[in-house]
Amino acid sequence: MKKIYLSDAGPKVSPAIYGFYRWNEVENISSTMEKIVNLCLDLGINTFDHGDSYGAYHCEEVFGDLLYKKTIKRDDVVLFTKCGLKTPNANDPETRIKHYNTSGDHIIKSVESSLKKLKTDYIDIFLLDHLDPISDLETTAQTLENLKKSGKIKNIGVANFSVFEHQLLATYLNTPIVTNHIELNLLNVQAMDNGQVDYIKQRYMRPLASTPLADGRIATGQDDQAIRVREKLEEISSKYNTDIESVAAAWLIKLGALPLIGTTDEKRIKNIANAFNIDLDHQDWYELYNTTRGIL
């Protein structure tokens with residue numbers, strides 16, 4: 001895969017990104033991660049998205065072990081990680097309820113922990129996952145700026161921010177926000193309706209589409225929308241001689257989005273990678289868009 005700029009101010013990344021956001025119940029996490037990471041690298045995917053709590057707080061450390069053992073080289077990968085979302089977990093006994101924390105103190109604590117676990121001196125992009133409405137935004141922004149000046153983080157991003165939250169944080173920063181991870185797939189186009197996609201593009205960024213295959217619903221969902229879209233995908237995929245999941249990912253790519261892969265299913269990872277070989281016809285794109293919206 002040819003590397004592309006994430007935004008006009010961001011680093012180069014692979015056009016598909018692998019994220020560990022669904023790894024809380026992955027078994028044999030060390031061997032599974034080594035296998036998945038090597039598969040991604042073989043496919044040209046060198047950008048990996050972490051979070052401080054992913055894999056029940058273990059994913060960063062396991063990935064860091066791969067770097068330490070030199071199974072993969074730090075210079076060969078682009079690393080994202082994030083903090084903000086807090087959910088109850090046995091490995092975080094202080095968290096009683098789901099909440100958000102983007103305070104300055106929590107950001108510093110999270111960055112230092114991530115650097116230690118990932119066994120690296122810097123994070124390519126550090127993101128806030130949701131915006132905590134009761135944190136002091138001036139302190140939040142200044143903390144991010146200071147971490148960037150120190151070299152511990154190279155770029156600032158956000159995840160799951162609404163347009164207004166994105167605008168609000170940006171007013172406090174002198175440094176540009178380089179990415180916003182949003183939920184977007186052929187069965188959920190809300191980000192196109194609420195202005196998130198348009199605003200991200202207005203800021204000269206590429207949308208990062210989490211759940212690009214709708215948590216598997218595109219292939220196996222039994223609700224009316226999933227069945228309707230799958231039938232249309234099967235019709236169109238025969239034209240391109242490819243898998244329906246590849247066409248679903250190609251639909252996102254045509255929109256200018258970067259798929260953020262979360263599955264450990266190797267076939268699905270390959271299906272998304274194969275999407276970059278599809279030049280989806282203009283009207284085929286709209287057929288799928290109209291089908292998911294129920295415009296037949």
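Which residues does Asp 132 touch, not counting residues up to four places away in sequence? The first legend answers this for a predicted model.

**View 1. Asp 132 and its surroundings in the predicted model.** Asp 132 touches Tyr 100, Asn 101 and Thr 102, leaving out residues up to four places away in sequence. Asp 132 sits in the loop between strand S8 (125-129) and helix H5 (137-150). This residue is buried yet has no salt bridge. Lys 86 carries the nearest side chain of opposite charge, and that side chain is 11 Å away.

**View 2. Polar partners of the Asp 132 side chain.** The side chain of Asp 132 makes a polar contact with the side chain of Ser 135, at 2.4 Å. A polar atom of the Asp 132 side chain also lies 3.1 Å from the backbone nitrogen of Ile 134.

**View 3. The largest nonpolar core.** This core has 58 residues. Tyr 18, Phe 20, Phe 63, Leu 184 and Trp 251 have the most contacts inside it. Several helices give two or more residues to the core, among them H1 (29-43), H3 (59-68), H10 (224-240) and H13 (282-292). Helix H11 supplies the largest share, seven residues. A second, separate core has 19 residues, including Ile 107, Leu 115, Phe 126 and Leu 169.

**View 4. Contacts of Phe 20.** Neighbours within four places in sequence are left aside here. Phe 20 is in contact with Met 33, Val 37, Phe 48, Asp 49 and His 50, and also with Tyr 54, Gly 55, Cys 59 and Phe 63. Of these partners, Phe 63 is also listed with Phe 20 among the residues with the most contacts inside the largest nonpolar core.

**View 5. Cysteines without disulfides.** A search of the whole structure finds zero disulfides. For Cys 59, the nearest cysteine sulfur belongs to Cys 40 and is 13 Å away. A disulfide needs the two sulfur atoms within 2.5 Å, so Cys 59 is in no disulfide. Cys 59 is buried, with a relative accessible area of 0%. Cys 83 is in no disulfide either. Cys 83 counts as buried, at 1% relative accessibility.

**View 6. Gln 196 in helix H8.** Gln 196 lies in helix H8. Its relative accessibility is 13%. Buried means under 20%, so Gln 196 counts as buried. Leaving aside neighbours within four places in sequence, Gln 196 is in contact with Phe 161, Ser 162, Val 163, Ile 182 and Ala 191.

Methods. Residues numbered from 1 in each chain as written. Predicted model: local features only at pLDDT ≥ 70, side-chain atom pairs only at ≥ 80, totals over all residues. Heavy atoms only, no water. Helix = DSSP H or I, 4+ residues; strand = E, 2+ residues; numbered from the N terminus. Buried < 20%, exposed > 50% of the residue type's maximum accessible area, 1.4 Å probe, protein only. Lys, Arg positive; Asp, Glu negative; His and termini not counted. Salt bridge = Lys/Arg side-chain N within 4 Å of Asp/Glu carboxyl O. Polar contact = N/O pair within 3.5 Å; in protein donor to acceptor, adjacent residues only side chain to side chain. Contact = heavy atoms within 4.5 Å. Core = buried A, V, L, I, M, F, W, Y, C linked by side-chain atoms within 4.5 Å.
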